[in-house]
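Reader: I have the sequence and the coordinates open. Could you walk me through what stands out?

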Amino acid sequence: MARVQRGDEPALNELLERWRPRLFGFLVRRVGDVAAEDLFQETWLRVVRSRDRYDPKRRFSTWLFQIANNLCRDRGRRRKVEEGYKETVREQVQHDAGRLEAPPLDLRMDIHRRLAALPERLREVLILRYYHQLPEADIAEVVGIPRGTVKSRLHSAVRTVRGQMADEEDEA
Amino acid sequence: MSDPCAGVQERMIDALLAHADAAAPDRAHAETCADCREHRDALLALRSGLDAAPEPELSAALAERTRRRAADALLRDTVPHRAPLAEGFGRELLRLLSPALLLLPLVVAWNAAVLFYFGELLAGLVPAALLSVAGAAYALAASGSVALVFGSMPFVAQREALRRIQEVTP
């Protein structure tokens with residue numbers, strides 16, 4: 001990142017290549033496929049344009065996810081992306097159903113649906129912790145909440161999803 | 001559920017979140033406690049579900065498009081935040097202008113009606129010259145107010161766009 005701050009284009013390409021799968025994975029799980037594509041580009045533009053504000057003492061991952069997460073929130077506020085996410089999840093699951101190596105449809109549908117059904121404040125911490133293995137302190141920085149709140153939200157997210165599963169089993 | 005069970009179940013959640021197995025004493029406890037066993041089984045099912053979600057793949061075309069845009073911004077962007085401010089500025093200005101333009105005909109019609117009816121009302125009471133001056137002053141004040149509202153919009157839009165950028169970029 002220090003080289004990017006000096007305007008080094010190959011360094012930017014390396015950075016983008018290194019963080020591409022993780023960032024895109026985060027965005028897709030956070031806002032769905034369609035919005036993720038826009039936000040992926042927007043995040044990198046923000047990284048470039050805000051490079052002077054980056055403090056090299058901070059972890060790059062925390063800064064990157066913070067920008068991405070703020071963009072998700074901003075977009076959600078303005079476009080009510082939650083509804084769109086639920087729709088794109090259905091589209092994505094139908095699209096994935098054609099892949100031979102894909103896990104069973106109902107299992108993936110379940111988890112997409114359950115993640116989408118979580119309130120944003122729980123979904124963002126669960127995705128950062130489970131899929132990206134960010135430590136609680138880093139999640140606190142990304143989301144802008146105290147570390148204790150991260151822990152309680154994580155447990156609440158797991159219990160909520162667990163509760164949904166139990167309810168569905170009871171109904172079945 | 002007893003307090004030791006609460007602790008065991010919390011630690012099981014921590015283990016799930018860290019992609020780790022529950023600690024041996026907690027696993028042993030779960031074998032003897034129906035509540036904790038049920039909790040453990042539910043977490044195992046949840047883990048299967050979370051792991052079953054495929055890793056999203058970014059298309060090569062989008063990756064290349066992003067790389068080009070970011071590289072362009074890196075080369076061009078001698079003044080940071082200039083471009084995002086411009087994008088946000090346009091959106092904010094449109095958001096302010098849309099309702100104002102919709103209301104503008106009403107405002108014009110209202111002021112024209114005020115001028116006309118007060119002119120009629122005061123025609124016999126006030127000298128014509130004074131009435132003309134008062135009418136012109138009213139029209140000038142009304143036009144000035146409208147100009148002030150529309151003229152301030154770019155400044156408000158710029159401030160709002162800047163605020164949004166600062167909200168998003170740490």
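**A helix, a core and a contact**

Author: Leaving aside neighbours within four places in sequence, A:Ala36 is in contact with A:Phe24, A:Leu27, A:Val28 and A:Val31, contact here requiring C-beta atoms, placed from the backbone, that lie within 7 Å. This is a predicted model, in which local features need pLDDT of at least 70, side-chain atom pairs count only at pLDDT 80 or more, and totals for chains, interfaces and linings use all residues. Residues are numbered from 1 along each chain as its sequence is written, while chains are lettered from A and ligands numbered from 1 in the order in which they are written.

Reader: Which residues of the largest nonpolar core touch the most other members?

Author: Of its 58 residues, A:Leu27, A:Ala36, A:Leu39, A:Val48, A:Ala68, A:Val125 and B:Ala70 do. The largest share of this core, nine residues, comes from H2(A). Such a core is a set of buried Ala, Val, Leu, Ile, Met, Phe, Trp, Tyr and Cys residues joined through C-beta atoms within 7 Å, and buried means that 20 or more other C-beta atoms lie within 10 Å of the residue's own.

Reader: OK, H2(A) then. Where does it bend?

Author: H2(A) bends by about 50 degrees at A:Arg20, with a proline, A:Pro21, following within four residues; the bend is the angle between axes fitted to the seven residues ending there and the seven starting there. Helix H2 of chain A, residues 9-31, has 23 residues, yet its end C-alpha atoms are only 29 Å apart, short of the 33 Å that a straight helix would reach at 1.5 Å a residue. Just after H2(A), A:Gly32 takes a positive phi of about 95 degrees.

Reader: Switching to chain B: how many helices and strands are there?

Author: Chain B has six helices and zero strands, where helices (H or I, at least four residues) and strands (E, at least two) are DSSP runs numbered from the N terminus. Of the 170 residues of chain B, 16% count as buried.

Reader: What about confidence in chain B?

Author: Chain B averages a pLDDT of 84, and 89% of the residues score at least 70, pLDDT being the predictor's confidence in each residue, from 0 to 100. The model as a whole scores ipTM 0.71 and pTM 0.64.

Notes:
The expected span of a helix is 1.5 Å times one less than its number of residues. A residue is buried if 20 or more other C-beta atoms lie within 10 Å of its own, exposed if 12 or fewer, and partly exposed in between; C-beta atoms are placed from the backbone. Two residues are in contact if their C-beta atoms, placed from the backbone, lie within 7 Å.
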